[in-house]
Amino acid sequence: MNTEVAKAPVPRKTHAQALERWNGRYAAPGFLFGEAPNAYLASKADLLPRRGRALSVADGEGRNSVWLAEHGLAVDALDFSPVALAKARALAAARGVAVDFARANVVELEWPAALYDVIAAIFIQFATPTERSRLFGWFKQALKPGGLLVLQGYRVEQLAYGTGGPPERDHLYTVDMVREAFADCEIVELAGYDAEIHEGSGHKGMSALLGAVVRRPPGA
Ligand SMILES: C[S@@+](CC[C@H](N)C(=O)[O-])C[C@H]1O[C@@H](n2cnc3c(N)ncnc32)[C@H](O)[C@@H]1O
């Protein structure tokens, strides 16, 4: 029997249900994904400029935006959860850096053009396939020519590990999907890999990951 076909589809959450779920997860004491930056993002420190403007998309409790600010960048950070944003503001204050935090539904935002030197999109897998393709297009638009996108997410193989990430298969990445989505950019790095990660209690254990660094072409 083909168990893939037999599995019941995961019901889609409404925007209100998703927001309630995230606010609830972030209401627990501590940092759901820890205070240290995502390891893939941090491993790209040497590729990232130390001056200029960065955006952390769906930034959560601030671990990545704070690290980008410590790296030297002027950072904007967006998330739709006010509970996450309050924690993120507290983390930035505790670490003595300025981050411009704002509440936004990133799938409905009026995205700017050619504003950012760096965009970090770390575990943004709330996006449906349609939303994802719009978001990827907006990232390209919002980067300055020559700007870099750092993307980290789970691959479809993560469903077998169950150590974090969404249950919806079509929210997960494949290497081919990302290569195709950024075919009009310079793919600096694109890797599917399995690794043990420890990011708070939210992402914990052996995981099927994808990491990518993509450059908007300098002349685009
Ligand atoms: C898995 S968490 C990752 C958080 C952060 N990027 C990190 O790596 O720590 C996903 C984040 O997406 C946010 N989120 C979900 N849907 C969103 C939306 N439509 N607009 C903005 N943020 C959203 C959630 O509040 C949550 O903080």
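This is a predicted model: local features need pLDDT of at least 70, side-chain atom pairs count only at pLDDT 80 or more; totals for chains, interfaces and linings use all residues.
Asp194 belongs to strand β6, which runs over residues 186–199.

Once neighbours within four places in sequence are set aside, the contacts of Asp194 are with Met206, Ser207, Ala208 and Leu209. Leu210, which is 16 residues away from Asp194 in sequence, has its C-alpha atom 8.4 Å from that of Asp194.

## The nonpolar core

The largest nonpolar core comprises 54 residues, and those with the most contacts inside it are Val118, Ile119, Ala120, Ala121 and Leu149. For Ala120, leaving aside neighbours within four places in sequence, the residues in contact are Leu41, Ala54, Ser56, Val57, Asn64, Leu68 and Val150.

## The ligand shell

The ligand is surrounded by 19 residues, of which the closest are Ala58, Gly60, Phe80, Ser81 and Phe126. Two elements, α2 (15–27) and α4 (63–71), are those that give two or more residues to this shell. Sorted by class, the shell holds eleven nonpolar, five polar and three charged residues.

## Helix α5

Helix α5 covers residues 82–95, and its 14 residues should span 20 Å at 1.5 Å a residue, which agrees with the 20 Å that separates its end C-alpha atoms. Within α5, the buried residues are Ala84, Leu85, Lys87, Ala88 and Ala92. Because these residues cover an arc of only 165 degrees around the axis, they lie on the same side of α5. An α-helix has 3.6 residues a turn, so residues three or four places apart point the same way.

The elements that cover the buried residues of α5 include α2, α4, β2 (74–79) and β3 (99–103). After α5 comes Gly96, with a positive phi near 75 degrees.

## Helix α6

The buried residues in α6 are Arg132, Leu135, Phe136, Phe139, Lys140 and Ala142. Among the elements that cover them are β1 (53–57), β4 (116–122), β5 (143–154) and α8 (175–181).

## Loop residues

Ala114 sits in the loop between β3 and β4, and it counts as exposed because it has 12 C-beta neighbours inside 10 Å. Phe123, in the loop between β4 and α6, counts as buried because 22 C-beta neighbours fall inside 10 Å, where the threshold for a buried residue is 20 or more.

Pro166 is placed in the loop between α7 (158–161) and α8, and with 18 other C-beta atoms within 10 Å it is partly exposed. Apart from residues up to four places away in sequence, Pro166 touches Gln125, Phe126 and His171; of these, Phe126 is also one of the residues closest to the ligand. The C-alpha atoms of Pro166 and Glu131 are 15 Å apart, with the two residues separated by 35 residues along the chain.

Methods. Residues are numbered from 1 along each chain as its sequence is written. A nonpolar core is a set of buried Ala, Val, Leu, Ile, Met, Phe, Trp, Tyr and Cys residues joined through C-beta atoms within 7 Å. Two residues are in contact if their C-beta atoms, placed from the backbone, lie within 7 Å. A residue is near a molecule or strand if its C-beta atom, placed from the backbone, lies within 6 Å of it. Helices (H or I, at least four residues) and strands (E, at least two) are DSSP runs, numbered from the N terminus. Ala, Val, Leu, Ile, Met, Phe, Trp, Tyr, Cys and Pro count as nonpolar, Asp, Glu, Lys and Arg as charged, and the others, Gly among them, as polar. The expected span of a helix is 1.5 Å times one less than its number of residues. The arc is that of the directions from the helix axis to the C-beta atoms.
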